[in-house]
Amino acid sequence: MPQPEGAELEAVRAQREELRKRYLRAERERPASAARGIHHIAFICRDVEETIRFHQEFLGFPLVEIVENRDYRGSTHFFFDIGHGNLLGFFDFPGHDHPPFSETLGGVQHLALSVGDEQFEAARRALDAAGIAYVGPDRGADGSMYLRDPNGVPIELYRERLGVFEGERLVVAGGD
């Protein structure tokens, strides 16, 4: 996609700085969040078994539940444990055609999951052994690996601790 340049780029940067000044508050001035955290994020999959195998075998996320979707007969709803009480969910919708993933408004740019060094390297070895493509950690972020699951869901395995971005603590995360 084309990136802004010249005056357009400077205008975008100026707007970002204005938003930063207007809305970003120092930690001591911020109210507590109204949410307890992410219970689960749910994506649509085309093949339940393929999705289970990928997330469990390559990424190390144990399957913790598999049930029929209460809103669509025959649809499977299943969850993986992604740590700290967070769940990654999927649905299939038998009989529905779904277009391939695309990066669009309201869509997911990527799901960044915090992993330790050991899990990062284990995932890299498993992906390499299976010939599954990924990018990184050569994208300017030594601690990141970007890949897509079998459904096109963009995932970043990020070696940064929860609540930390580029070495700076943004929020206190559970367990810290």
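Which residue with a positive phi follows helix 2? Gly-60 does, with phi near 80°.

## Basis of the description

The model is predicted, so local features are reported only where pLDDT is at least 70 and side-chain atom pairs only at pLDDT 80 or more, whereas totals for chains, interfaces and linings use all residues. Residues are numbered from 1 along each chain as its sequence is written, and side-chain values use heavy atoms, with hydrogens and water left out.

## Overall organisation

The protein chain contains three helices and nine strands. These elements are DSSP runs numbered from the N terminus, with helices (H or I) of at least four residues and strands (E) of at least two. Along the sequence they follow the pattern α-β-α-β-β-β-β-α-β-β-β-β.

Taken along the principal axes, the C-alpha atoms fill a box of roughly 50 × 40 × 35 Å. Of the 176 residues, 27% count as buried; buried means under 20% relative accessible area, exposed over 50%, and partly exposed in between, with a 1.4 Å probe and protein chains only. Contacts are defined by heavy atoms within 4.5 Å. Among contacts between residues at least 6 apart in sequence, 50% join residues at least 24 apart.

An open sheet with mixed pairing is formed by four strands in the order 1-4-3-2. Two strands are taken to pair if DSSP finds at least two bridges between them. Strand 1 (40-44) and strand 2 are the edge strands; each has a single partner strand, so one side of each is left without a neighbour in the sheet. From one strand to the next, the twist averages 20°. Axes here are lines fitted to C-alpha atoms, for helices over the stretch in contact, and angles run from 0 to 180 degrees between N-to-C directions.

Strand 1 pairs with strand 4 in the parallel sense over five bridges. Within this pairing, Ala-42 has Gly-89 of strand 4 as its bridge partner.

## Helix 2

Helix 2 lies across strand 2, strand 3 and strand 4, and runs at about 5° to strand 3.

The buried residues of helix 2 are Val-48, Thr-51, Ile-52, Phe-54 and His-55. They cover an arc of only 165° around the axis, which puts them on the same side of helix 2; the arc is that of the directions from the helix axis to the C-beta atoms. These buried residues pack against strand 2 (63-68), strand 3, strand 4, helix 3, strand 6 and strand 7. Thr-51 is buried at 0% relative accessibility. Leaving out residues up to four places away in sequence, Thr-51 touches Cys-45, Phe-78, Phe-80, Phe-90 and Asn-151.

The order in the open sheet of three strands is 5-7-6, and the pairing is mixed. Strand 5 (111-114) and strand 6 (144-148) stand at the edges with a single partner strand each, so one side of each lacks a neighbour in the sheet. With direction ignored, neighbouring strands are turned by 25° against each other on average.

Strand 5 and strand 7 (residues 154-158) pair in the parallel sense over four bridges. Ala-112 has Glu-156 of strand 7 as its bridge partner. Helix 3 (residues 117-130) packs on this sheet, touching strand 6 and strand 7, and its direction makes about 40° with that of strand 6.

## The nonpolar core

The largest nonpolar core has 22 residues, and those with the most contacts inside it are Leu-59, Phe-90, Leu-147 and Leu-157. Such a core is a set of buried Ala, Val, Leu, Ile, Met, Phe, Trp, Tyr and Cys residues joined through side-chain atoms within 4.5 Å. Two or more residues each come from helix 2 (48-58), strand 3 (76-81), strand 4 (87-91), strand 5, helix 3, strand 6 and strand 7.

Apart from neighbours within four places in sequence, the contacts of Leu-147 include Phe-54, Leu-59, Leu-127, Tyr-134, Ile-155 and Leu-157.

Most residues other than glycine have a negative phi. His-84, in the loop between strand 3 and strand 4, has a positive phi of about 55° although it is not a glycine. This residue, His-84, is exposed, with a relative accessible area of 61%.

Glu-166 also has a positive phi, near 50°. Its place is the loop between strand 8 (164-165) and strand 9 (168-169), and Glu-166 counts as exposed at 64% relative accessibility.
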